Amino acid sequence: MTWLYVVIAVVAVLVLIGIPVVRALRFRPKKEKTYSDFPVQCDEQKAISDLAEMIRCKTVSDTDESKEDDAEFEKFEQLLPRHFPNVHRVCEFMKLGKRSLLFRWKGKDSSVCRVLMAHYDVVSVEQSLWQKPAFAGLVEDGVLWGRGTLDTKGTLNGVMQAAETLIGQGFVPQNDIYLAFSGNEETNGTGAPTIVKYFQEKGIRPALVCDEGGAVVDKVFPGVSAPCALIGIAEKGLCNVRFSVEGKGGHASAPPPHTAVGKLSKACSAVEDHPFPARLSKPAKELFDTLGRHSSFVYRLIFANLGLFRGALDGLCKKSGGELNALMRTTVAFTQMSGSKGMNVLPPYAEMVANLRIMCGESVQSCVDYLKKRVGDGIKVEVVYGMDPSNVSETQGEAWEMMKKAVSQTWKEAIVAPYLMLACSDSRHYGEISDHVYRFSAMALSKEERASIHGNDEKIPLEKIVRTVHFYLRLISQF
C-alpha cells in the first residue's frame with residue numbers, strides 16, 4: 001500500500017501547485033469598454049501664457065498667515081477675470097472666505113451638480129537649489145518652469161481653460177458645474193472646508209468631485225510595462241505624534257543607565273521593528289485586481305492567489321518599504337528628535353515626532369493605542385495633529401465611467417485603475433457630501449517630475465499643459 005500513499009501524495013502536491021497556476025493563467029485583463037475618439041481643440045498658446053502668469057503670482061501659503069503675502073494672492077484672484085472673461089460673464093462667482101473661490105456654472109438641470117477642484121497656493125522654495133527662477137514663469141526649450149506648474153496651478157489652469165473654451169463655443173452643461181479653488185490646501189487650511197460647508201448648508205451633494213491625486217505614470221507596478229492612469233478613490237489619514245520623556249538633567253560625566261534620549265531611541269526602534277499590521281483595503285484590492293492582470297506571469301501568480309501569497313507579499317513590503325509598503329499598512333516615519341542644548345548636559349526633557357499615514361479602516365485613536373503598547377510605560381504619547389482616512393469612493397456607476405472615459409480618450413495607451421492616495425488633499429473634505437470623489441492630476445508625470453512636487457526645479461513640458469486642458473474639455477462635455 002506504500003505506493004498508493006506515494007501516488008496520493010504526488011497527486012496532492014500537483015493539485016496544490018496546479019490550482020494557483022490555473023488561477024494565474026485565468027487571471028487575465030477583463031474586457032474593457034472601448035470609447036470612441038473625441039477630438040478637442042483649445043487655444044494652446046493662451047493655455048501656456050495664462051499658466052505662466054499664474055506662476056508669477058507668489059502665492060506661498062504658511063501655517064503662520066502673517067508670513068503670507070496677501071498682495072500676491074489678490075494678484076492671482078484679479079488675474080482670473082482678465083484671462084477668463086467668458087467664465088466670469090456666465091458663471092456666478094462667490095468668494096466664501098479669505099481663500100475660498102467658487103464659480104457656479106448653471107446647467108439646464110440644477111438637480112445634479114459636479115465639482116472640479118484645485119488649489120492655487122504653493123509651498124515655499126529654496127531658490128539657491130533651483131536651476132531657474134521659481135516664480136518667473138519662464139518658458140525655455142519647450143518647458144514652463146515654476147512652483148505650482150504641477151501642484152496645482154496647472155490643474156486649475158486646465159479647468160479654467162476648458163470652461164472658457166466651451167462657454168465661448170456656446171456649450172451649456174446639462175447639469176450645474178462648480179469650479180472650486182482653495183488658497184491654503186498646503187497648510188490644511190479652511191479654504192476647502194468653507195466651500196464644503198456652503199454645499200452642506202444648501203443641501204448640495206455633488207454627483208462627482210475631481211481633485212488632484214493620481215496621474216498617468218510608468219513602471220510603478222511590478223511586471224506592468226504599459227503606462228497606468230491611477231485615479232485615487234480614497235486617501236490615507238494623517239497624524240503627527242509627539243513622544244516625550246522627562247529626565248533629571250545634570251552633568252553628562254555621570255549618566256544613568258538610560259538617558260531620556262536613550263529611552264526615546266529604544267521606543268523608536270520598538271515601533272520601527274514592529275510595523276503596523278498589513279491591511280488589504282478596497283482601493284489596494286482593486287488596484288491589484290486591475291493592474292495585476294496586466295502583469296507578467298510570476299506576478300500574476302502572486303496577485304491571483306493573494307490568500308496564498310499574502311504573507312510573502314507582506315514580508316517583501318516590510319523589507320523594501322516605499323510605495324508598495326505604504327499601500328498595505330499604516331506607516332510611521334520618525335522625522336524629528338531633540339534633547340539637551342549642551343553636548344555635555346543630560347537632557348531634562350527629550351522628545352521625538354513621528355508622521356503617520358493612516359490606512360483605511362484604522363483611525364487616529366487606534367493608531368495611538370497601538371503606539372502606546374509598543375513604546376511601553378515611561379514614554380508620553382500625544383497627538384499634535386490628526387485626521388482619519390477619507391471615505392472610499394465608488395468605482396461603479398456614471399461618475400466613475402465619466403472619469404474613466406475622459407482619461408481613456410486623452411491617454412489612449414494607459415490602463416485606468418483605482419488606487420489609494422498616500423498623501424492628503426482638500427478632496428477628503430468632500431467625502432462628507434459625496435460618494436464619488438476622485439483624485440486625478442490630469443497629467444502624465446515622470447518619476448523626475450513627481451519628485452519635483454514640493455521639491456526643486458518644478459516644471460512642466462508645454463505639451464502636457466495642453467493635454468490637461470484636453471482632458472477637462474472631454475470630462476466637462478459629459479456634464
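This is a predicted model: local features need pLDDT of at least 70, side-chain atom pairs count only at pLDDT 80 or more; totals for chains, interfaces and linings use all residues.
The UniProt record, an unreviewed entry, places the feature "domain: Peptidase M20 dimerisation" at residues 233-376.

Two packed helices are described by the angle between their axes and the distance between the axes. For helix α2 (residues 44-55) and helix α15 (residues 462-476), the packing angle is about 105 degrees and the axes are 9 Å apart. Helix α2 is therefore roughly perpendicular to α15, because angles of 65 to 115 degrees are assigned to that class. On the α2 side, the contact involves Glu 44, Ala 47, Ile 48 and Leu 51. These residues meet Leu 462, Ile 465, Val 466 and Val 469 of α15. By class, the contact of α2 with α15 comprises 7 nonpolar residues and 1 charged residue, with no polar residues.

A search of the whole structure for cavities of 30 Å³ or more returned 1. The volume of the largest cavity is about 40 Å³. Its lining includes Ser 390, Asn 391 and Ser 393, together with Ser 427, Arg 428 and Gly 431. Ser 434, Asp 435, Val 437 and Arg 439 also line the largest cavity. The lining of this cavity divides into 6 polar, 3 charged and 1 nonpolar residues.

Key
Residues are numbered from 1 along each chain as its sequence is written. Side-chain values use heavy atoms; hydrogens and water are left out. On a 1 Å grid over the protein atoms alone, a cavity is a set of points where a 1.4 Å probe fits but cannot get out, and a pocket is an open set with protein on both sides within 12 Å along at least five of seven lines; lining residues have an atom within 4 Å of a point. Grid points are joined across faces, edges and corners, and a volume is the space filled by probe spheres set on the points. Ala, Val, Leu, Ile, Met, Phe, Trp, Tyr, Cys and Pro count as nonpolar, Asp, Glu, Lys and Arg as charged, and the others, Gly among them, as polar. UniProt positions are given in the numbering used here, feature names are shortened, and annotations may be inferred rather than shown by experiment. Axes are lines fitted to C-alpha atoms, for helices over the stretch in contact, and angles run from 0 to 180 degrees between N-to-C directions. Helices (H or I, at least four residues) and strands (E, at least two) are DSSP runs, numbered from the N terminus. Angles under 35 degrees count as roughly parallel, over 145 as roughly antiparallel, 65 to 115 as roughly perpendicular and the rest as oblique. Contact means heavy atoms within 4.5 Å.
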